[in-house]
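Reader: I have a model open and want to talk through how it is put together. Can you take me through it?

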Protein chains: 2
Amino acid sequence: MDNKIILDGQKVSTHIREELKPRIEALKANGVVPSLVTILVGDDPSSATYVKMKGNACEKLGIKSQKIHLPKETTTEELLHTINELNNDTSVHGILLQHPVPSQIDERKAFEAIALEKDVDGVTSWGYGQTALGFGLYPSCTPAAILNIIDFYNIQLQGKHAVVVGRSPILGKPVSALLLNRNATVTTCHSYTNNLPELIKQADIVVAAVGKPEFIKGDWLKEGAVVLDAGYNPGNVGDVEYSSCYEKASAITPVPGGVGPVTISMLLKHTVDAAERTLN
Amino acid sequence: MDNKIILDGQKVSTHIREELKPRIEALKANGVVPSLVTILVGDDPSSATYVKMKGNACEKLGIKSQKIHLPKETTTEELLHTINELNNDTSVHGILLQHPVPSQIDERKAFEAIALEKDVDGVTSWGYGQTALGFGLYPSCTPAAILNIIDFYNIQLQGKHAVVVGRSPILGKPVSALLLNRNATVTTCHSYTNNLPELIKQADIVVAAVGKPEFIKGDWLKEGAVVLDAGYNPGNVGDVEYSSCYEKASAITPVPGGVGPVTISMLLKHTVDAAERTLN
């Protein structure tokens, strides 16, 4: 008997988006159209694709989506000026600066300029700090997606050992914080970690957020581990070697169709949350 | 041959304070007297002792120390009013709200009201977020003290496995973040952790920040572990059982005379840092 669970991101995503529909209707009845602005700097083709996907997801649900496309030679000051205008525009509820920006721009400074109440992508240090201390409005979307998948499938976290591979500001660090706040014991690993397979072998829950294709192997896993793969690499593969990890895991996210779609749903949800907050 | 190292907080503390002296002189030559205001609400005797110790340490070094003592029935609004006045007072460089405050006060709201540039005790979520993302000005003082002790004794962190026991906003969480940013692999444990002795057995570095007297036992340690005890409990004991942990550790902080004095030195250093920033 195979009671292995494929953690179906499309299914979770559909559930979240269905719940948003009446909320968006109610907002519109109150004269508020939830609105997300995405800023794309330069011509990176995959960034352009991501921005387009996010825009389409918004439109489909009735969230207003506006794309601001700045030239690749934009300066930090110019980008800050754009962000400040959006901060002051009361018709805009969420601001997303698509990562990465061209190298001449101080990306951290640009992220930090986003008003906390419009930081629906969870990139500011203030938002991160609030999330880590347990009262953040908008955690980064991929970490939030991972928690939503865990909850949708009723996976218990309390007292479990979660091993997070990766420590980026919008993924490894905030997902570690969210898991810790849900009473998991959390180990955060990275490129300097010496004994990664040995640590992963202890994990009840593995979060792969390392950005290396098929990096995590099935024989590193404990039998029955839950595997959440936040990676998305060329060739449509995640950060875990799916076939071997599938064999060992009790539950696993596929790539594509796992964490990815839920991440976009989180962005939509946060934008609706932000629009609702303007009514209070 | 016993080459065990007692991590002498007094020695580290003296070193830090000696380095501050010429900086304080230079500030005064520029017409700036570094100034710390501590706010004590209510009559908790150990809080009063802590505030007095901090004040004395300031005065001894030539840092101006002012104590604001508010009655135990102070409301959140009244406390916020006091904090806002201090935020706006350009002669004040650092603000410390002594924890804990009486139960009718929203402590988190009060912490959050402290201006980031005066948050020398590292209690705001914004300061925490900046610290965790690697560019914070003033990490919480006890975590900063632990890192200073580690550096003073040339203990290597990169690639080491650090196990932090405790996850409070001003201790367990920020020390985990600081260790992670220094390329340690970090496991954060807490009251829901199931197999604490087994996890500690793997640690190259153990940080005890749990607030339970003599909780961590020597036979939990790996031979040669480095033990940093941030606990201070009634009876002058830390969170580790010193005699048994001393036997197994390669280096250990005593209690008292370990992390404690360096914590106060961090507060002094941050206050001087903050005063210097007003000159730029």
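Reader: Which strand of chain B does β6(A) join, and how many bridges are there?

Author: β6(A) is joined to strand β6 (residues 185–189) of chain B by three bridges, and the two run antiparallel. Strands count as paired if DSSP finds at least two bridges between them. Helices (H or I, at least four residues) and strands (E, at least two) are DSSP runs, numbered from the N terminus.

Reader: What is the bridge partner of Thr187(A) in β6(B)?

Author: Thr187(B).

Reader: Before more detail, what are the ground rules?

Author: This is a predicted model, where local features need pLDDT of at least 70, side-chain atom pairs count only at pLDDT 80 or more, and totals for chains, interfaces and linings use all residues. Residues are numbered from 1 along each chain as its sequence is written, chains are lettered from A and ligands numbered from 1 in the order in which they are written, and side-chain values use heavy atoms, with hydrogens and water left out.

Reader: Back to the sheet. What is the strand order?

Author: The order is β1(A)-β9(A)-β8(A)-β7(A)-β5(A)-β6(A)-β6(B)-β5(B)-β7(B)-β8(B)-β9(B)-β1(B), an open sheet of 12 strands with mixed pairing. β1 (5–6) of chain A and β1 (5–6) of chain B stand at the edges, each with a single partner strand, so one side of each has no neighbour in the sheet.

Reader: In which sense do β8 and β9 of chain A pair?

Author: Parallel, over two bridges, between β8 (residues 226–229) and β9 (residues 251–252) of chain A. Val227(A) has Ile252(A) as its bridge partner in β9(A).

Reader: Now the interface. How many residues of each chain are in contact?

Author: 31 residues of chain A touch 31 residues of chain B, with contact meaning heavy atoms within 4.5 Å. The buried area is about 2,700 Å², and carbon and sulfur atoms give 58% of that. Buried area here is the accessible area (1.4 Å probe) that two parts lose on being put together, summed over both.

Reader: Why do the copies meet through the same surface?

Author: Because 100% of the interface residues of chain A are also interface residues in chain B.

Reader: How many salt bridges over all chains, then?

Author: 16. One of them is Arg23(A) with Asp273(A), at 2.6 Å, N to O. Arg23(A) lies in helix α1 (residues 9–29) and Asp273(A) in helix α10 (residues 259–277) of chain A, so the pair ties together parts 250 residues apart in sequence.

Reader: Which peptide bond in chain A is cis?

Author: The one from His99(A) to Pro100(A), with omega near -5 degrees. Pro100(A) lies in the loop between β4 (94–97) and α4 of chain A. In chain B, a cis peptide bond joins His99(B) and Pro100(B), with omega about -5 degrees.

Reader: What is phi of Asn183(A)?

Author: Near 70 degrees, a positive value in a residue other than glycine. Asn183(A) is in the loop between α7 and β6 of chain A.

Terms used:
A salt bridge is a side-chain nitrogen of Lys or Arg within 4 Å of a carboxyl oxygen of Asp or Glu.
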